[in-house]
Amino acid sequence: MNQLDALKQFTTVVADTGDFKQLGAYQPQDATTNPSLILKAVQKADYQPLLAGTVAQYRGRPFDEIMDRLLVRFGCEILSIIPGRVSTEVDARLSFDSSATVTRAERLIELYQAQGIHVDRVLIKVAATWEGIQAAAQLERRGIHTNLTLLFSFCQAVACGQAKVQLISPFVGRIYDWYKRAAGAAWDEVANSGANDPGVQSVRQIYNHYKKFGIATEVMGASFRNVGQITALAGCDLLTISPELLASLAASEAPLARGLDASMARNLDLPAVSYDEAGFRLALNEDAMATEKLAEGIRAFCADSIKLEQLMLAA
């Protein structure tokens, strides 16, 4: 059995791509997208007609509407291939506006429903700012399920659990990147790999907290840099993995053991934790890595949304 098949015994495997033509080979349950992945896809020859066709059909409409229709078009194509859910992201420029996030999310769901897609097959991705988490809480109460992304800290995860969001996406690789850069020449790759990887440790802490306290929010590790990070988190609820790393897993027959276990987590002696807005903002501010990576991630998604708009303008 290859590692990908072995992983699927413990964990729901999700494909992290906008390139839906790659999906069939790996048979993921779900798929995730974001502005950067969609931007990457539409610059490939295979997807340029999809971009051009969407722009031509809705030319003259506001850019934000055309953008949403393009995202939904990709999402529908993905859903025609996978059996599960697709995650579609609200414009990152709304990351600090709860009301606008809710409005945009509702429009995305309406566009999916107009294509015959049931609301339960879509997760609306929202940045895990305080405002994003509160927007997600509103959406969940309205029956719209959410995926809280750009999640780097324990306090973000706790607040998401309190908000009863459907799923969170802690970013393993970007946490690893920060600590490796901060250590500089002192970084020891071997000592900080596998279960000792700081990104892996972050996900384990969140997973154990959720399972210990019966929090139903799903944990989906994301943003992987290497196979070792993935295999160390075997047993996590879900893992969203790039096509390149899916291929690496499929090509390996190395043994794979469960890394996370819900029954063991329930027996841990962990303190109960909760946050109000002030406590959340202070805890996030105290975490330099999470503060920097959240801001950096929002900036990057905003920049790629602008680039995508420029491609639509030229189409």
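**A residue and its surroundings**

Guide: Gln3 is buried, because its relative accessible area is 7%, and buried means under 20%, exposed over 50% and partly exposed in between, with a 1.4 Å probe and protein chains only. The model is predicted, so local features need pLDDT of at least 70 and side-chain atom pairs count only at pLDDT 80 or more, whereas totals for chains, interfaces and linings use all residues. Residues are numbered from 1 along each chain as its sequence is written, and side-chain values use heavy atoms, with hydrogens and water left out.

Gln3 belongs to helix α1, residues 3-10. Here helices (H or I, at least four residues) and strands (E, at least two) are DSSP runs, numbered from the N terminus. Leaving aside residues up to four places away in sequence, Gln3 touches Val227, Thr231, Leu249, Ser252, Ala254, Pro255 and Leu256; contact means heavy atoms within 4.5 Å.

In α2, which spans residues 35-42, 6 of the 8 residues are buried, and the helix is mostly covered. The buried residues are Pro35, Leu37, Ile38, Leu39, Ala41 and Val42. Their cover includes the strands β1 (12-16), β2 (30-32) and β3 (86-89), as well as the helices α3 (48-57), α4 and α14 (288-314).

One of these partners, α4, can be described in detail. Two packed helices are described by the angle between their axes and the distance between the axes. For α2 and α4 (residues 63-79), the angle is about 80° and the axes lie 12 Å apart. Axes are lines fitted to C-alpha atoms, for helices over the stretch in contact, and angles run from 0 to 180 degrees between N-to-C directions. The two helices are therefore roughly perpendicular to each other, as 65 to 115 degrees counts as roughly perpendicular, under 35 as roughly parallel, over 145 as roughly antiparallel and the rest as oblique. On the α2 side the contact is made by Ile38, Ala41 and Val42, and on the α4 side by Leu70, Leu71 and Phe74. By class, this contact has 6 nonpolar residues, with no polar and no charged ones. Ala, Val, Leu, Ile, Met, Phe, Trp, Tyr, Cys and Pro count as nonpolar, Asp, Glu, Lys and Arg as charged, and the others, Gly among them, as polar. An α-helix has 3.6 residues a turn, so residues three or four places apart point the same way.

The loop between β1 and β2 contains Gln27. Its phi is near 45°, a positive value in a residue other than glycine. Most residues other than glycine have a negative phi. Gln27 counts as exposed, because its relative accessibility is 63%. Lys164 likewise has a positive phi, of about 60°, and is not a glycine. Lys164 sits in the loop between α7 (154-162) and β6 (167-170), and counts as exposed at 64% relative accessibility.

Gly199, in helix α9 (residues 198-212), is buried with a relative accessible area of 0%. Gly199 touches Val172, Ile175 and Tyr176, not counting residues up to four places away in sequence. Between Gly199 and Asp177, 22 residues apart in sequence, the C-alpha to C-alpha distance is 8.8 Å. Ala295, in helix α14, counts as partly exposed at 32% relative accessibility. Ala182 lies in helix α8, residues 172-183, and is exposed with a relative accessible area of 54%. From Ala182 to Ala250, 68 residues apart along the chain, the C-alpha atoms are separated by 33 Å.

Finally, the overall setting. The protein has 14 helices and 8 strands. Of its 315 residues, 55% count as buried. A compact globule with 315 residues would have a radius of gyration near 20 Å, and the 19 Å of the protein agrees; the radius is taken over C-alpha atoms, and the globule rule is 2.2 Å times the number of residues to the power 0.38. Along the principal axes, the C-alpha atoms fill a box of roughly 55 × 50 × 40 Å. Among contacts between residues at least 6 apart in sequence, 68% join residues at least 24 apart.
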